[in-house]
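Hello,

Here is the structure we talked about handing over. Please look it over, then read the notes below.

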Amino acid sequence: QVQLAESGGGLVQAGDSLRLSCAVPGRTFSDYAMGWFRQAPGKEREFVAAVAWNAYNTYYADSVEGRFTISRDNAKNTVYLQMNTLKPEDTAVYSCAIYRAPWGSGLSLAQGSAYRYWGQGTQITVSS
């Protein structure tokens, strides 16, 4: 079992920025693509962004493209989510997860079932 740990959540105002971090223990972190998902109260879990093992290939949900940036530092075993121009509709619990297949394998990056080992999540609340 791999324990992922998200941090960086909080209460912000619309238009503000936040950066989330997800620490991943283990020496094989750089082998895996990583993803961020979010879940708002009463809603289904939603894909946010994914990054390949090499940090160059990324993929975003339409709702965050241009505002959020996913990145990773393999030396620190950490994946980040920089969130700019936050909106009230971004309010959710944000979780990171390890993609279970090689990037480009055809397994949908936007499906939660394509990931294993999830963190507990961190709450983001954006006030208007």
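Leaving aside its neighbours within four places in sequence, which residues is Leu 86 in contact with? They are Val 12, Ala 14, Gly 15, Asp 16, Ser 17, Leu 18, Arg 67, Phe 68 and Val 126. Contact means heavy atoms within 4.5 Å.

Some ground rules. This is a predicted model: local features need pLDDT of at least 70, side-chain atom pairs count only at pLDDT 80 or more, and totals for chains, interfaces and linings use all residues. Residues are numbered from 1 along each chain as its sequence is written, and side-chain values use heavy atoms, with hydrogens and water left out.

Leu 86 sits in the loop between β8 (78–83) and β9 (92–99). Strands are DSSP runs (E, at least two residues), numbered from the N terminus. Leu 86 is buried, at 1% relative accessibility. Buried means under 20% relative accessible area, exposed over 50%, partly exposed in between (1.4 Å probe, protein chains only). Its C-alpha atom is 6.8 Å from that of Val 126, 40 residues away along the chain.

Now the charges. The structure holds 3 salt bridges (a side-chain nitrogen of Lys or Arg within 4 Å of a carboxyl oxygen of Asp or Glu). Arg 38 pairs with Glu 46, closest N and O atoms 2.8 Å apart. Arg 38 also meets Asp 90, at 2.9 Å, N to O. That pair links strand β4 (residues 34–39) to the loop between β8 and β9, 52 residues apart. Asp 90 meets Arg 67 too, at 2.8 Å, N to O. Arg 67 lies in the loop between β6 (58–60) and β7 (68–73), so this pair ties together parts 23 residues apart in sequence.

Arg 38, Glu 46, Arg 67 and Asp 90 form a network of salt bridges. Asp 90 is buried at 0%. Glu 46 is partly exposed at 31%.

Best wishes

Conventions:
Helix = DSSP H or I, 4+ residues; strand = E, 2+ residues; numbered from the N terminus.
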